[in-house]
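Here is a short briefing to read alongside your model. Take a look at the structure first, and then we will walk through it together.

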Amino acid sequence: MIMIEDPTGLMTGLGYRVRLDDKTADDRPVLALAMERYRALTAMGGLYYPGDNGKAVYEID
């Protein structure tokens with residue numbers, strides 16, 4: 001799952017809308033699955049944020 005914030009509006013109309021109270025295929029709330037994946041990726045060091053490594057990773061001109 002990729003979640004992004006799009007202040008430019010360039011991604012409008014792409015992807016799927018997901019509500020946090022939607023259910024997954026195994027009838028769990030999407031929020032529960034998202035938190036599980038977040039914790040797993042955090043433990044593996046698999047998440048990168050703007051500003052990691054001392055520089056702005058994402059810039060909008």
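In helix α1, Val30, Leu33 and Ala34 are buried, where buried means under 20% relative accessible area, exposed over 50% and partly exposed in between, with a 1.4 Å probe and protein chains only. Seen down the axis of α1, the buried residues fall within an arc of 100 degrees, so they line one face of the helix; the arc is that of the directions from the helix axis to the C-beta atoms. This is a predicted model, in which local features need pLDDT of at least 70 and side-chain atom pairs count only at pLDDT 80 or more, while totals for chains, interfaces and linings use all residues. Residues are numbered from 1 along each chain as its sequence is written, and side-chain values use heavy atoms, leaving out hydrogens and water.

**The helix**
- Helix α1 covers residues 30–44 and reaches 21 Å from its first C-alpha to its last, close to the 21 Å expected, which is 1.5 Å times one less than the number of residues.
- Helices are DSSP runs of H or I with at least four residues, numbered from the N terminus.
- Arg39 and Ala43 are exposed on the other side of α1.

**Tyrosine 38**
- Tyrosine 38 belongs to helix α1 and is partly exposed, with a relative accessible area of 40%.

**Either side of the helix**
- Aspartate 27 sits in the segment before α1 and has a positive phi of about 70 degrees although it is not a glycine.
- Aspartate 27 counts as exposed, at 57% relative accessibility.

How values were computed
Helix = DSSP H or I, 4+ residues; strand = E, 2+ residues; numbered from the N terminus.
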